[in-house]
Amino acid sequence: MNKKVKRIIYYILPFAAALVSAVLYFAIPESGKQKQMNAPYYMCFLLAAIIILAVALVAGIFAKDFGKKLQGKLPFYAGLILFIAVLNTIFSKTKLLPVLYFPSIDRITGLLWEQKVFLLKNLIFSLGLLSQGFILGLLTGFFSGLALGYNRRVGYWLNPVTKFLGPVPTTAWIPLALSVFPTTHGANVFLIAFAVWFPVTLMTASGIQSVSKVFFEVSETLGAGTYYKVFHLAVPASLPQIFLGLFYGIISSFATLMAVEMNGNSQGIGWYINWQKSVMLYDGVYAGLIIIAVLCSFVLTMLFKVRDKIMVWQKGVIRW
Amino acid sequence: MVEVGNIQINNVNKNFDEVHVLNNFSLNIEPGSFVSLIGPSGCGKSTLLRIIGGLEKQYEGSVFLDGERITKAGSDRGFAFQGSNLFPWLTVQGNVAFGLKARKIYKERKNDVADIIKLVGLQGFENSFPHQISGGMQQRASLARALVGHPKVLLLDEPLGALDAFTRMNLQDEILRIKNENNMTMLMVTHDVDEAIYMSDKVVVMSARPSRVEAVIDIKLPHPRVRVQDTFALYRNKILEILNFGGQLHEAEYNI
C-alpha cells in the first residue's frame, strides 16, 4: 500500500471510530434499566477527546517528532474508542448484565463531571498523603541503603533487620502503626513511607554492592576520598538499581495509599472508592478507579522522564 | 632539576593464602625510565604493580617512591588498568576531570583537562560518553584520566591488551611521546615481548612463581625505534630463551 494512503487512513481511524460510537449511542434505543443522566455526558467527553486529538494532530504538523509519535498511536486510540462504544452498547442497550455492577458510560462520565470539585479535593488529599510518605520513604530508604551497601559493619547489624521486617506487607503494620502514632495522619504517612523504604533500601544497597571493584580502585589511584567515592562513584554507578527500587516503591506506595485511607479519615480517592462500593454506587467505583489509574500512570511516567534525563548514559532497564 | 619518580622495591614477599607469589623481590627503577615487566602468566607481575600502586596492602617488605614508603593508593602514581574502566555515567571530559575534582583542585587546573585530552588526541569527543567511542579511544581517555594529575609514575597493567594490533602500535607511540614530553617514570606489565622491547629502556624478566627477577635486559636501541629492525629479533630471542620458549621455535620450523 502507498505510504500516503496509509497515513491518511491512520488519520481517519479515530474519527471514524468516534462516528461509529455516536451512531451506536443515538441509533440503538436504551434498555431503560440504567439511570438516565441530565445530559449525554459520554458523547460530550468523546467530543472533547476528539477535539483535543485534532488539535494535537495539527500541532504534530509543526512539531515533527511529536506528530510522528502521535501518528503511531492513532490506531490504538481508534481501538480504545471502539472498545468503549462496545462496552456502553452492552451495558446500556442490552439487558445482558446486572445494572448495579455495570453502569453505563454516561453514568461514569456524568459522575466525573458532576462531582468534579469533590473528586478533585479527594485527589489532592491523596496526593498530599502520597507525596509526604513517598519523600520520607525515599530519603530514609536511600540513606539506609547507602549505609547498608557501603559499610560492612552497618550491613552486619541492619541487613537482618531489613530482611526480616521489609517483606512484611505494609498493611499488616496498620494496627501497630495506628496505636503507636498519636494521629492517624502520622500513621498513614509512616505506612506509605515504609512501603517505599524497603524496595529503595534493598535496591540501593544491592546496587552499591555490585559496583565493580575496579571502579573503586581507579578512583583511589586518582586520589578520591571516602566521601567522593560514595557520592560520585557508588551512587551514580548504582542509579539504575536505585531507580528500579523507586519504581517498585511507587507501586507499593499506591497499594498502601488505598489501604490506609480506610483508617479513620474520610478523604482521599482510596476512601472514595471504598465508600462508593459500600453504598453500592459502582459508577463512583469506576470513576475512582479511572482517576487512580491516570494518577499512577502519570507519576510513573514522570519517574521515567526524570530517569532518562539523569541517565542519558543508560537507557531502558524497564521500558515505560 | 631533581629527578623524581624513583621506585625502590626491597625484599617484597607476597602470599595469596598458600600460594607464594613474590619471593624476596627487589628492584630499583630509575627516574624517567620506561621499564617493562614480563614473565609467565600468574607470576605476580600485576600483583607487584598493584603493590606499587598501593592497591595491595598485605605484603612483607617495603616499596619506596622517591624515598617515601608506599602505604596506600595516591595520585602521585597514575594507574592504567587492563581495559579502560571509564565511568560510564561520565563523559570523556568528566572522566578525565574526575581525579582533579576529587582532590578539589579542578578549578585551578581546569586547563590541564583540555590539554591532556588534546595530547591523547580526543579533542572533539569531550562530551561523548564511553559507550559512544571506540575501544582505542576509550583507552586514550583512560590514559588521559591517569595522567591529568601529573603523577610522578605511571603504572600500566597491560593497558593495550584488549586492542587490535594497529590501534595498539599507535597507542604505544602515543604513550612514549607522553613519557618524553613529561619526563616521567613508567612501569608496564605486558605479555607482548615485542611491545616490551619497542617501548622499554629495561625489560625485567620475572621467573615463575614464587617469582623474583630472572634477568634485567637493557634495550640499547636509540629512540625513536623502528619496529622492523634486525636487532629487535636478537632481543626477542634472548627474552624468549630466558622464558624457556626458545626451544619451541625448532619444533615450529619442522612444521613449516
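Reply: Two residues are taken to be in contact if their C-beta atoms, placed from the backbone, lie within 7 Å. The model is a predicted one. With that criterion, Tyr41(A), Tyr42(A) and Phe45(A) of α2(A) meet Ile105(A), Asp106(A), Thr109(A), Gly110(A) and Trp113(A) of α4(A). Sorted by class, the residues of this contact are five nonpolar, two polar and one charged.

Two packed helices are described by the angle between their axes and the distance between the axes. For α2 (residues 41–62) and α4 (residues 105–114) of chain A, the angle is about 70° and the axes are 7 Å apart. Angles of 65 to 115 degrees count as roughly perpendicular, and α2(A) and α4(A) are therefore roughly perpendicular to each other.

Elsewhere in chain A, helix α10 holds His232(A). His232(A) has 19 C-beta neighbours inside 10 Å, so it is partly exposed. His232(A) and Leu96(A) are 136 residues apart along the chain, and their C-alpha atoms are separated by 63 Å.

The contact between the chains involves 16 residues of chain A and 19 residues of chain B. On the chain A side, α9 (213–221) and α10 (226–260) each supply at least two residues. The most come from α9(A), which gives seven. By class, this side of chain A divides into nine nonpolar, five polar and two charged residues.

Chain B contains two sheets to consider. One is an open sheet of four strands in the order β2-β1-β4-β5, with antiparallel pairing. Its edge strands, β2 (19–29) and β5 (68–69), each pair on one side only. Inside this sheet, β1 (residues 7–16) and β4 (residues 60–65) of chain B run antiparallel and are joined by five bridges. Gln8(B) stands opposite Phe64(B) of β4(B).

The other is an open sheet of six strands, ordered β6-β7-β8-β3-β9-β10 in chain B, and its pairing is mixed. Neighbouring strands are turned against each other by 15° on average, direction ignored. Strands β3 (residues 34–38) and β8 (residues 185–189) of chain B pair in the parallel sense over four bridges. In β8(B), Met188(B) is the residue opposite Ser36(B).

Helix α6 (residues 193–199) of chain B includes Asp194(B). With 16 other C-beta atoms within 10 Å, Asp194(B) is partly exposed. Asp194(B) and Ile239(B) are 45 residues apart in sequence, and their C-alpha atoms are 10.0 Å apart.

The nonpolar cores remain. The largest has 70 residues, and those with the most contacts inside it are Ile52(B), Val96(B), Ile116(B), Ala144(B), Leu154(B) and Leu187(B). Which residues does Ile116(B) contact, leaving aside its neighbours within four places in sequence? They are Val96(B), Ala144(B), Leu147(B) and Val148(B).

Methods
Residues are numbered from 1 along each chain as its sequence is written. Chains are lettered from A and ligands numbered from 1 in the order in which they are written. This is a predicted model: local features need pLDDT of at least 70, side-chain atom pairs count only at pLDDT 80 or more; totals for chains, interfaces and linings use all residues. A nonpolar core is a set of buried Ala, Val, Leu, Ile, Met, Phe, Trp, Tyr and Cys residues joined through C-beta atoms within 7 Å. A residue is buried if 20 or more other C-beta atoms lie within 10 Å of its own, exposed if 12 or fewer, and partly exposed in between; C-beta atoms are placed from the backbone. Ala, Val, Leu, Ile, Met, Phe, Trp, Tyr, Cys and Pro count as nonpolar, Asp, Glu, Lys and Arg as charged, and the others, Gly among them, as polar. Two strands pair if DSSP finds at least two bridges between them. Axes are lines fitted to C-alpha atoms, for helices over the stretch in contact, and angles run from 0 to 180 degrees between N-to-C directions. Angles under 35 degrees count as roughly parallel, over 145 as roughly antiparallel, 65 to 115 as roughly perpendicular and the rest as oblique.
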